[in-house]
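Please open the structure in your viewer and keep the selection tool at hand.

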Amino acid sequence: MSNTSRTALITGASAGIGAAFARHLAAEGYSLLLVARRQDRLTEIADELTRKHGVRCTVLAADLSDPSAPSQIMEYAQAHGIAIDVLINNAGLSGKSAFADTPWPKLAAEIQLMVTALTELCHRVVPGMQERGWGRIVNLSSLAAFSPPGASLLYTGIKSYVLGISQSLDMELKPQGIHVTALCPGFTRSEFHDTMGTRDAANKLPALLWQEADAVVREGWNAVMKGKPVCVPGVVNKVVASSVRPLPVSLQYHLGNRLNPFKEN
Ligand SMILES: NC(=O)c1ccc[n+]([C@@H]2O[C@H](COP(=O)([O-])OP(=O)(O)OC[C@H]3O[C@@H](n4cnc5c(N)ncnc54)[C@H](OP(=O)(O)O)[C@@H]3O)[C@@H](O)[C@H]2O)c1
């Protein structure tokens with residue numbers, strides 16, 4: 001089957017890493033179903049990619065912190081005759097306020113977006129991939145899943161879940177032609193820190209810690225195509241991930257508490 005007859009569903013495609021995935025996969029000839037809340041941004045990207053690469057590009061505005069969103073996306077795809085061959089589970093954000101000070105609905109929305117919706121979309125696309133004997137799933141985890149836990153954030157726990165479930169899914173599904181990769185970027189240029197409200201602190205971090213979104217996407221896509229269940233993109237991030245993991249938990253905790261650049265007190 002050629003790429004032109006395959007479709008990728010990309011969540012969080014209106015900015016950053018998701019938009020970079022859209023550009024990368026359109027250039028490879030994949031048709032796209034782009035999802036995020038900002039329809040105008042999705043439409044702009046879809047128009048650009050259809051013009052440039054002649055691929056079929058469909059957009060759907062959805063809020064993935066709404067529990068009904070994954071089923072609505074899949075119903076839309078079915079109604080429009082779109083089979084999902086590639087799933088890029090990318091939509092995400094991080095809160096920065098202290099756990100105890102954050103209202104529960106805000107924390108619940110983060111879990112719904114990055115844990116439940118991500119897992120439900122995997123569950124909903126896998127049967128079709130099994131029938132066709134081919135599928136690729138990239139779940140956005142983070143270097144935070146390896147590095148010391150930043151104080152007071154749900155983010156580390158959520159991204160550790162994404163890392164773990166992606167590895168398990170890959171083991172279960174690879175014999176059926178479906179590869180699953182946890183993509184674990186470090187600091188990546190996108191709108192992430194504007195949304196989080198940490199742009200000033202982020203701008204003070206050394207340049208060598210940063211990667212461009214398209215470099216992250218290139219490495220992540222190569223990894224899933226080669227069947228690698230975990231991808232930490234970039235040399236610096238690989239060094240961080242491999243040097244922190246073997247440390248005793250007490251030392252990881254101490255380092256995380258001391259070095260978290262976004263800690264407010
Ligand atoms: N940038 C980093 O340093 C970094 C590092 C490690 C991991 N990551 C992970 O990479 C992924 C992409 O982040 P990014 O850096 O590209 O950030 P970004 O530029 O802020 O993009 C986030 C995307 O997620 C979408 N999104 C957020 N909340 C949503 C919701 N409720 N429903 C639907 N879509 C939603 C946003 O679209 P709308 O606002 O239009 O809905 C946007 O398209 C995230 O999972 C993030 O955790 C980022």
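Begin by selecting Trp210, which is buried at a relative accessible area of 11% (buried means under 20%, exposed over 50% and partly exposed in between, with a 1.4 Å probe and protein chains only). The model is predicted, so local features need pLDDT of at least 70 and side-chain atom pairs count only at pLDDT 80 or more, while totals for chains, interfaces and linings use all residues. Residues are numbered from 1 along each chain as its sequence is written, and side-chain values use heavy atoms, with hydrogens and water left out.

Next, select Tyr155 and Phe192, whose ring centres are 5.7 Å apart and whose planes stand at 55°, so the pair is tilted. Tyr155 lies in helix H5 (residues 155-173) and Phe192 in helix H6 (residues 192-196), 37 residues apart (helices are DSSP runs of H or I with at least four residues, strands runs of E with at least two, numbered from the N terminus). Tyr155 counts as buried at 14% relative accessibility, whereas Phe192, at 23%, counts as partly exposed.

Return to Phe187 and Trp210, which form a tilted aromatic pair with 5.3 Å from centre to centre and 45° between the planes.

Technical notes: Rings of Phe, Tyr and Trp (its six-membered ring) pair if their centres lie within 6.5 Å; planes under 30 degrees apart count as stacked, over 60 as edge-to-face and the rest as tilted.
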